[in-house]
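Subject: Structure for your files

Hello,

Please find the structure below. My notes on it follow.

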Amino acid sequence: MGPETPLPLPADFSSVDDYVESLLKFSTSSWLLQTLCGGVHILDFYTKSPDLYSTVLPESWRTWFKGRDIMDVLDLLMREELDQFINESAESSWRNGPSPPKELLQYVRDVRKHLLGREFPLPNSRVKPQKARIARHISIGMKVKKVHEVDNFARYIDRLTSDIAASGKKEITHLVDFGSGQNYLGRALAAPPYSKHLIAVESRPHNIEGAKDMDIKAKLVSKPINMINKKEYRAKFGKGKKGKKSECDLGQQNGANSDAEIQITAQAATPAAVEQKQNRAACDENGCAPTNGTRTSENGKAVTTHLQIYTEGQGSVQYVEHIIKDGDLNPVIDQVLDSSQIQDSTVASKTKVIEEPSNLDVLPKTTEINAMVMSLHSCGNLVHHGLRSLLLNPSISAVAMVGCCYNLVTERLGPPTYKLPTLRPNHPRLVSTSNAFDPHGFPMSEKLANYPLPHTLDSSTSDPENAPKGIRLNITARMMAVQAPFNWGRDDSELFFARHFYRALLQRIFLDRGVVSAPVSEDGLVDSAVSANGHTSKVNWTPPNGRGPGLSSDGTCTPLTIGTLRKFAYSDFLSYVRAAIAKLTAPNTFCEVDPDFIAEKMGNLSDEDIQDYEERYREKKHELSVMWSLMAFSAGVVEAVVVTDRWLWLKEQEEVEQAWVEPVFEYAMSPRNLVVVGIKK
């Protein structure tokens, strides 16, 4: 069970232990890697003096990059065979130009050496490439990328559960989908040919409602039929033949019985169903929120909102509304219903349609649960919670988690950094929590948390026990780790290079116009006064009750966030600047900076001024593109560290028998393609 090696090792390694040690050593000792992955922010690119490009990159690199097309740079970093440069002389050429500097080639080799294998399927794997076999009606609402992900991951989960059963372990009875969303994965697994029993855990009620609608559109459950008593309906709503309301109609409307509309499914309406409808209507009339056949969450507890038994095969989906805050799934497990009892008592044939039961409270609970927790692209700490559920819940015997959005992962060893200002606690009572270390964050494993950092001991840290230790990744490094540079082509890369150039150049305009201050060195920062976006400029505006320019009441920097603009804004730099200023100065802007302050500073900026900036910095656009390419390429090591940390955590747990990582779909279709699997003893 599982691949030949527990990690998809690069070609230079045959031992997992050797790879892990080399990865951690390289990620903590390479100054250039640490600078490119977390030490460079795009907003500081044109505002620092001396500029970042000349500060970070050696002169020989800058000279070689200057005359190179950006696609040549990308090919060298990620696609070109480097062995051709081993025996070349200084006069050798490459693509009608000089060969790359040896130091650059060595850095590219070092980064490539530590990137986890992403090829799918893995070499020597029993898995063979197959065409998507999801039925058309099951794939409703999915784009091509989602079809590829769901098809391959559903096949993988089915194969994994079969392997677990074949190994002599207890058979998996239920699959718990962490953050099910629209339930694309669960729908595929509950339908033929898999016919699994799914527990779809989702915190947002509108996603659950959307998933239920998708089940109907996919014709996996029947569409509810509304049987209406026309006379009572007209009396209630005053829709007579002439469209007029009589006094009799009004009296009937006020006293209309809720039986005027009874929802009927292919399953016969029982007295309990009618009584439930009556009670719900009366409750609605008294002003309480309508439930629409669902039960709302009480005191934050997990609540079953819907049970779907599919008309095809023997699968089912149980939707549970629950906010996942840690790995404790006992509130969810306690909600699991025994769908087999419904099938045995009400299903006469495979074509019989079974909709939501009339009263979920009367259904028996399942006593024998042996579940696997799975997720397809869970954001941030959700993967950590899913892995920890293996230890915190006796009913969970396996996990299979595909993560994404590393920028949303919190930090265990240091104060949290936030990408979005809305994530920052502004209430004074929450100041202490804003500086708290999150035990659910990165790193998970004790190996990374206690890994000694290769810094020279000074007089204050002469004791080896007090030497710095623990691998940290700031938000800039984690944000870069979600890039997919191996998929970049000329057209799409030029598009986002232009977007980065526009934003960095606008920051220069902000600096010259006094909107922001000049970047300061790390030594110049006070306490935790670091921008939420990771750069070092501060807004020259003091918020209400703030500690100073750009500093809020809790001492953190107030970010100048623009966010996404409409597509036309990226057609040229002038359009971008005008759209950005209009958004920042709008009365309903979500930016925390006072719109009047920005309007005052930027009000007299002419079109000629904007075009002059673009012309003066046009030559430096190539430099920014080169730097961004190096950052995205290097950040593959950051992703390797994050994924390896999760695997190491599983290996450190005594309760875990097996753990491994492997690709589950093609990188070209979906770059976050690594699944972390753990099997309990």
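In which helix does Arg187 lie? Arg187 belongs to helix 8, which spans residues 184-190. Please keep in mind that the model is predicted. With a relative accessible area of 0%, Arg187 falls under the 20% limit and so counts as buried. Leaving out residues up to four places away in sequence, Arg187 touches Ile138, Gln182, Ala211, Met214, Asp215, Ala218, Leu220, Tyr310 and Tyr319.

On the nonpolar cores: the largest has 132 residues. Tyr19, Phe65, Leu387, Phe510, Leu560, Phe573 and Met627 have the most contacts inside it. Helix 23 (residues 620-652) gives the most to this core, namely 19 residues. A second, separate core has 43 residues, including Ala191, Ala218, Val317 and Phe665. As for Leu387, its contacts beyond four places in sequence are Val399, Met401, Met444, Arg646, Trp649, Leu650 and Val676.

Strand 9 (residues 656-663) has six of its eight residues buried, so the rest of the structure largely encloses it. Strand 9 pairs with strand 10 (residues 674-680) in the antiparallel sense, over seven bridges. Pro663 has Leu674 of strand 10 as its bridge partner.

Next, a helix pair. The axes of helix 5 (residues 70-78) and helix 6 (residues 102-113) come within 9 Å and cross at roughly 55°; the two helices are therefore oblique to each other. Helix 5 makes the contact through Asp75, Leu76, Leu77 and Met78, and helix 6 through Leu104, Leu105, Val108 and Arg112.

Helix 10 (residues 230-237) is capped at its N-terminal end by Asn229, which has a side-chain oxygen 3.2 Å from the backbone nitrogen of Lys231. After helix 10 comes Gly238, with a positive phi near 65°.

Some backbone details remain. The peptide bond between Ser49 and Pro50 is cis, with omega about -5°, and Pro50 is in the loop between helix 2 and helix 3. Phe120 and Pro121 are also joined by a cis peptide bond, with omega near -5°; Pro121 is in the loop between helix 6 and helix 7.

Lys219, a residue other than glycine, has a positive phi near 60°. Lys219 sits in the loop between helix 9 and strand 3 and, at 66% relative accessibility, counts as exposed. Cys405 likewise has a positive phi, near 50°, and lies in the loop between strand 8 and helix 16. Its relative accessibility is 23%, so Cys405 counts as partly exposed.

Regards

Methods. Residues are numbered from 1 along each chain as its sequence is written. This is a predicted model: local features need pLDDT of at least 70, side-chain atom pairs count only at pLDDT 80 or more; totals for chains, interfaces and linings use all residues. Side-chain values use heavy atoms; hydrogens and water are left out. A nonpolar core is a set of buried Ala, Val, Leu, Ile, Met, Phe, Trp, Tyr and Cys residues joined through side-chain atoms within 4.5 Å. Buried means under 20% relative accessible area, exposed over 50%, partly exposed in between (1.4 Å probe, protein chains only). Helices (H or I, at least four residues) and strands (E, at least two) are DSSP runs, numbered from the N terminus. Contact means heavy atoms within 4.5 Å. Two strands pair if DSSP finds at least two bridges between them. A polar contact is a pair of N or O atoms within 3.5 Å; within protein, one must be able to donate a hydrogen and the other to accept it, and residues adjacent in sequence count only if both atoms are side-chain atoms. Axes are lines fitted to C-alpha atoms, for helices over the stretch in contact, and angles run from 0 to 180 degrees between N-to-C directions. Angles under 35 degrees count as roughly parallel, over 145 as roughly antiparallel, 65 to 115 as roughly perpendicular and the rest as oblique.
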